[in-house]
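Welcome, and thanks for opening this report. Please keep the sequence and the 3D view side by side as you read.

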Amino acid sequence: MEERTPSFSLPQSPKVDPNQNQLCKLQLENINNNGTYVIQVPRDQVYRVPPPENARIAEKYQKTTVKVDRKRRCWIYARIVMYIGIVLCIGCLLIGFYIMLNKPKDPRFVIQQFSFQNGTNPTYNITLQLHNPNSKAGILYKEGQVSLSAKQQEIASGAFPTVFQEHCSSTTMTLKLKELKDNNLPKEVQESVTNVNKKVHVTFSLTMQYHAGITTWKLRDGKKKYHVLCQVTVDSLTEDTNVLSQDCQTLL
């Protein structure tokens, strides 16, 4: 038997239309005659210019984005300011309610004892009881002036001592008032001092002016000036002096 060898066939070139070749030659001749040249550029070096419409669209989009960002920032700032204002208002209201509920009360004074010490320097000794009605605030009393009058005539004066009083507490202090020199005492006062057999009642006016500061939770408020007026009546100015009546009022 004869061996068969495989047959190989070469690929046939595509058929070209002769009319088409003729048309291409005419176009090339026309291009060369008109002075126009065809330049072949590699594909990776082709530069494309976008149309003007794309530039206008991009510019419009950028402007819109800027406006939106500005509006968003303004809205954020406005909200921050609004929140700060709300917080401040709430804080002021809370402070106002706290001050109204915990408004410091004025101290109360009571005259417990009244005595007269006669001699070269006559002295009036007055023992006071101070009561602080504040449940959370202490009172710091500063030095002040004290005067004693009878029949609208000042007969003695002295100093108000410095003392600190805790909250919701009572304390006592003694005022030593020196009798004014070269002063004619009212008739009732002279009779009450000299008359041993008969007790002569005398009514005095005690005036106290001092500064006091309120201390709350170790925080000291501003000082206020107080004016206290007391009316006290004693049975006599001898050794055994008794207080018949007394009334003190605190005035700012």
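What follows is a short walk through the cysteines, the aromatic rings, the nonpolar core and one glutamine. Please bear in mind that this is a predicted model.

**The cysteines**

Let us begin with sulfur. The structure holds one disulfide. Its partners are Cys 230 and Cys 248, with an S to S distance of 2.1 Å. The two cysteines come from distant parts of the chain: Cys 230 sits in strand β9 (residues 219-234) and Cys 248 in strand β10 (residues 243-251), 18 residues apart. If you look along the bond, the link of Cys 230 and Cys 248 is right-handed, with 115° about the S-S bond. Both Cys 230 and Cys 248 are buried.

Is Cys 74 buried or exposed? Cys 74 has a relative accessible area of 52%, and because the cut-off for exposed is over 50%, Cys 74 counts as exposed.

**The aromatic rings**

Now to the rings. A pair of aromatic rings is described by the distance of the centres and the angle of the planes. The structure holds nine aromatic pairs, and two that involve Tyr 210 are set out here.

| Pair | Arrangement | Centre to centre | Angle between planes |
|---|---|---|---|
| Phe 109 and Tyr 210 | edge-to-face | 6.0 Å | 65° |
| Tyr 210 and Tyr 226 | stacked | 5.4 Å | 15° |

What does the pair of Phe 109 and Tyr 210 tie together? Phe 109 lies in strand β1 (residues 108-117) and Tyr 210 in strand β8 (residues 202-216), so this pair ties together parts that are 101 residues apart in sequence. Phe 109 has a relative accessible area of 5% and is buried; Tyr 210, at 1% relative accessibility, is buried as well.

The stacked pair of Tyr 210 and Tyr 226 bridges strands too: Tyr 210 is in strand β8 and Tyr 226 in strand β9, so the parts tied together are 16 residues apart in sequence. Tyr 226 is buried, like Tyr 210. Stepping back, Phe 109, Tyr 210 and Tyr 226 belong to one aromatic cluster that also includes Tyr 141 and Phe 160.

**The nonpolar core**

The largest nonpolar core has 36 residues, and Phe 204 and Leu 206 are the ones with the most contacts inside it. Which strands each supply at least two residues of this core? They are β1, β2 (123-132), β3 (137-141), β4 (144-150), β5 (153-160), β7 (169-179), β8 and β9. Of these, β8 gives the most, with seven residues.

Setting aside residues up to four places away in sequence, Leu 206 touches, among others, Ile 111, Ile 126, Leu 128, Val 146, Leu 148, Leu 175, Leu 177 and Val 228. Ser 147 and Cys 230 are also on the list of residues that Leu 206 touches, and Cys 230 is one end of the disulfide described above.

**A glutamine in β9**

Finally, have a look at Gln 231, which has its place in strand β9. Gln 231 is partly exposed, with a relative accessible area of 35%. Leaving out neighbours within four places in sequence, its contacts are Thr 203, Phe 204, Ser 205, Ser 245, Gln 246 and Asp 247. With Ser 205, the side chain of Gln 231 makes a polar contact of 3.1 Å. As for Gln 246, its C-alpha atom is 5.5 Å from that of Gln 231, although the two are 15 residues apart along the chain.

How values were computed. Residues numbered from 1 in each chain as written. Predicted model: local features only at pLDDT ≥ 70, side-chain atom pairs only at ≥ 80, totals over all residues. Heavy atoms only, no water. Disulfide = S-S within 2.5 Å. Helix = DSSP H or I, 4+ residues; strand = E, 2+ residues; numbered from the N terminus. Buried < 20%, exposed > 50% of the residue type's maximum accessible area, 1.4 Å probe, protein only. Phe/Tyr/Trp six-rings, centres within 6.5 Å; stacked < 30°, edge-to-face > 60°. Core = buried A, V, L, I, M, F, W, Y, C linked by side-chain atoms within 4.5 Å. Contact = heavy atoms within 4.5 Å. Polar contact = N/O pair within 3.5 Å; in protein donor to acceptor, adjacent residues only side chain to side chain.
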